[in-house]
Amino acid sequence: MVVEPALVVESLINGVLNGLLYALVALGLALIFGVMDIINFAHGDFVMLGTYFTYIVATALLVDPTLTVFITVPLFFLLGIAIYRAVIQPILGSEPLIQIAVTVGLLMILRNTALAIFHAEPRGVPFTVFNIPLHIGPITIVLSRVVAGVISLALLFTMHLLLTRTTWGITVRATADDREAAQLMGINIRKVYAVTFGLGIALTAIAASLIMTFSRADPYVGLLYGLLSWVIVAMGGLGGVIGVLYSGLILGIIESLGMTLISAGARELFLYLTFLIIIWLRPRGLFARR
Amino acid sequence: MVLVRVKALDRKTITQLLVVLIIFSLLPFVLGFNTYYIYLAAQVVLTAIMALAWNIIGGYAGQLDLAATAYLGIGGAISGLLLAFYKITPWIGMPLGALAAIGLAVMVGYPTFRFGIKEVWYALLTASLVVIIQRIFWLIYGSTEIYLPYFEWSWYYLRFGRYEPLYYMLVVMLVFVLWLNIVIKRSKLGYYLAAIREDELAAEALGIDVRRYKLYALMIYAGILGFVGGIYVSLTSIVTYRMFNPWLAIVIAVIGLVGGLGSITGVLTAAVILRSIEEYLRGTLGATIPGLYLLIYGLLIVLVGVLKPEGLGGLIESIRRRFRGGSYG
């Protein structure tokens, strides 16, 4: 089989750009899992919900999907805190099976509410200013992908700085390291948890608005983004933002090359096979939860 | 060492199994042999079989397996494709399907348990497995639906113009799986699995080969589903990549959890009630509000999990205790 080098380069660039976005998608989950030790199976469906909110706001105000974040992000932050209070707080510290069951229930509620309201037809935003193909020699990249990748990278970097360089970040990391000790140091655990969960959900709204610049809202995408995020968290371990970034990039590249060289329809195959192999080969210590 | 010794069951258990057999056998008479209702009843019984098979790995061994449809699909695909392409009877296809499902279970389960993957990672891995198998099937056979040959009434090919024979086959399977659940629960294997579910480290410290017994539970579960897969494709008449449905696998696990981990009556009741409600809602409101039944599943499991965090099984267990003294096993 002869493969054009330009095609491979194009595929690589797309993989890197997608990978950055995937890292952003997974960042909220990594934060929630890392800090709160909560297994959230509904993460992907918050992304799905985000794409619908982006669609609604962008259609109602006739603005570019990237501008909807000014409305959707505060909304999702509050939604996250509300869900934390109603559903997550009661299951803090309970056994993993219960956490998985409850968040699977949450996932079903989110997904089927979307299905009930919007039915199974995908919805796209009326317009986006970034839908321009860029030609660099034989390579063609869509501008919206570049924008999504660059914004994701900037947000990941900001988050990294927030977590490592601010008092708030130190508070959050202290809580993640040792809940009891943090409490003894005068940290209000409940507040940290509520804000972390809200932030984790708010991040999905940003990711969703970027996804909407090149894709459409669909009630069924939750499973893909949910599993994808978990795969990234599994690969990155609890290595903070940097781990998430690298894992996202690796997955993005594997997926893009697989789709170009083997079959575009087998997208999930490459993602989950990578997951299977990595979860088997990584020493169990890195996966074992405290 | 004999892990599961099949002892003569006590009279009470036999009576209970017979009651289940008689109730489900009489159901078609109540439904007036209406083709559509029999089809729905067969779906309900199939769900009950799947949930009870799941009970062995999920309820007894405490592993949140989300790959029920991978095993069901493998069995169905093998039995169905052999029939569609080579005219080989499902009576050979179904055992082969069961063997293939067990093979897949060993292939995936051995390294998984060997590397100590559990809890959320096990759930994720099995959820991914369904999608992996689905995509591989799709790469080979594409999106076309492969139809099974039509026979008006053939026990040899397991193809019928009506649904009753398949319904009764499923009822027999249901009683068999119920029996298997009871026998395992009361066996050495059952106690090992219960110990593993409660505390894996403690079980290991007591000298239980945790990996081996988890794998046994997985193999039994996969074997049942692989065998039933053949009846399943005969019921739907098509072999398609959509059989490897990750959502159905999650629903099966939800039924097992709502029914109560390890509780045989609870799981059977949950499967029958939830699936019947599902079909009813699909029939009445399905066109206007798609996915309503899943919304209800979701609300139910969140409510049960949040209000009764000490164990999902507890709720049904306590209700059951209030209404009746005994239970299976």
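Predicted model: local features only at pLDDT ≥ 70, side-chain atom pairs only at ≥ 80, totals over all residues.
Hi everyone, thanks for coming. Let me start with each chain as a whole, then go to where they meet, and then stop at a few residues.

Chain A first. Reading from the N terminus, you pass through α-α-α-α-β-β-α-α-α-α-α-α-α-α. The radius of gyration of chain A is 19 Å, close to the 19 Å that the globule rule gives for 290 residues, so chain A is as compact as a globular protein of that length. Its C-alpha trace spans about 60 × 45 × 35 Å along the principal axes. Of the 290 residues in chain A, 49% count as buried. If you take the contacts in chain A with a sequence separation of 6 or more, 78% of them come from residues 24 or more positions apart.

Now chain B. Here we have 13 helices and 4 strands. For 329 residues, a compact globule would have a radius of gyration near 20 Å, and the 19 Å of chain B agrees with that. The C-alpha trace of chain B spans about 55 × 45 × 45 Å along its principal axes. In chain B, 50% of the 329 residues count as buried. Among its contacts between residues at least 6 apart in sequence, 78% join residues at least 24 apart.

On to the interface. How many residues of chain B are in contact with chain A? There are 38, and they meet 39 residues of chain A. Three elements of chain B give two or more residues to that side: α5 (119-141), α10 (246-259) and α12 (292-307). Of these, α5(B) gives the most, with 14 residues.

Next, a pair of helices inside chain A. The axes of α6 (residues 167-177) and α8 (residues 189-211) of chain A come within 10 Å and cross at roughly 105°. How do they sit relative to one another? That angle makes α6(A) roughly perpendicular to α8(A), because 65 to 115 degrees counts as roughly perpendicular. On the α6(A) side, the contact uses A:Thr171, A:Val172 and A:Thr175, while α8(A) brings A:Ile189, A:Val192 and A:Thr196. By class, that contact has 3 nonpolar, 3 polar and no charged residues.

While we are in chain A, have a look at A:Val147, which lies in helix α5 (residues 143-165). Is A:Val147 buried, exposed or partly exposed? It is partly exposed, because 18 other C-beta atoms lie within 10 Å, and a buried residue would need 20 or more. Leaving out residues up to four places away in sequence, A:Val147 touches A:Phe130 and A:Thr213. A:Asn18 is 129 residues from A:Val147 along the chain, and their C-alpha atoms are separated by 11 Å.

Helix α11 of chain B covers residues 264-284, which is 21 residues. It reaches 30 Å from first C-alpha to last, close to the 30 Å expected at 1.5 Å a residue. Its buried residues are B:Ile264, B:Thr265, B:Gly266, B:Val267, B:Leu268, B:Ala270, B:Ala271, B:Leu274, B:Arg275 and B:Glu278. Keep in mind that an α-helix has 3.6 residues a turn, so residues three or four places apart point the same way.

Finally, some loop residues in chain B. B:Ala61 sits in the loop between α2 (35-60) and α3 (68-86). B:Ala61 is buried, with 28 other C-beta atoms within 10 Å. Setting aside neighbours within four places in sequence, B:Ala61 is in contact with B:Leu193, B:Ile196, B:Arg197, B:Lys214 and B:Ala217.

Then there are two loop residues with a backbone angle to look at. B:Phe33, in the loop between α1 (11-30) and α2 of chain B, has a positive phi of about 50° although it is not a glycine. B:Phe33 is exposed, with 12 other C-beta atoms within 10 Å. B:Lys87 is not a glycine either, and its phi is positive at about 55°. You will find B:Lys87 in the loop between α3 and α4 (90-114) of chain B. B:Lys87 is exposed too, with 10 other C-beta atoms within 10 Å.

Definitions and conventions. Residues numbered from 1 in each chain as written. Chains lettered and ligands numbered in written order. Expected span 1.5 Å × (residues − 1). Contact = placed C-beta atoms within 7 Å. Axes fitted to C-alpha atoms, helices over the stretch in contact; angles between N-to-C directions. Parallel < 35°, antiparallel > 145°, perpendicular 65-115°, else oblique. Nonpolar A, V, L, I, M, F, W, Y, C, P; charged D, E, K, R; others polar. Rg over C-alpha atoms; globule rule 2.2 N^0.38 Å.
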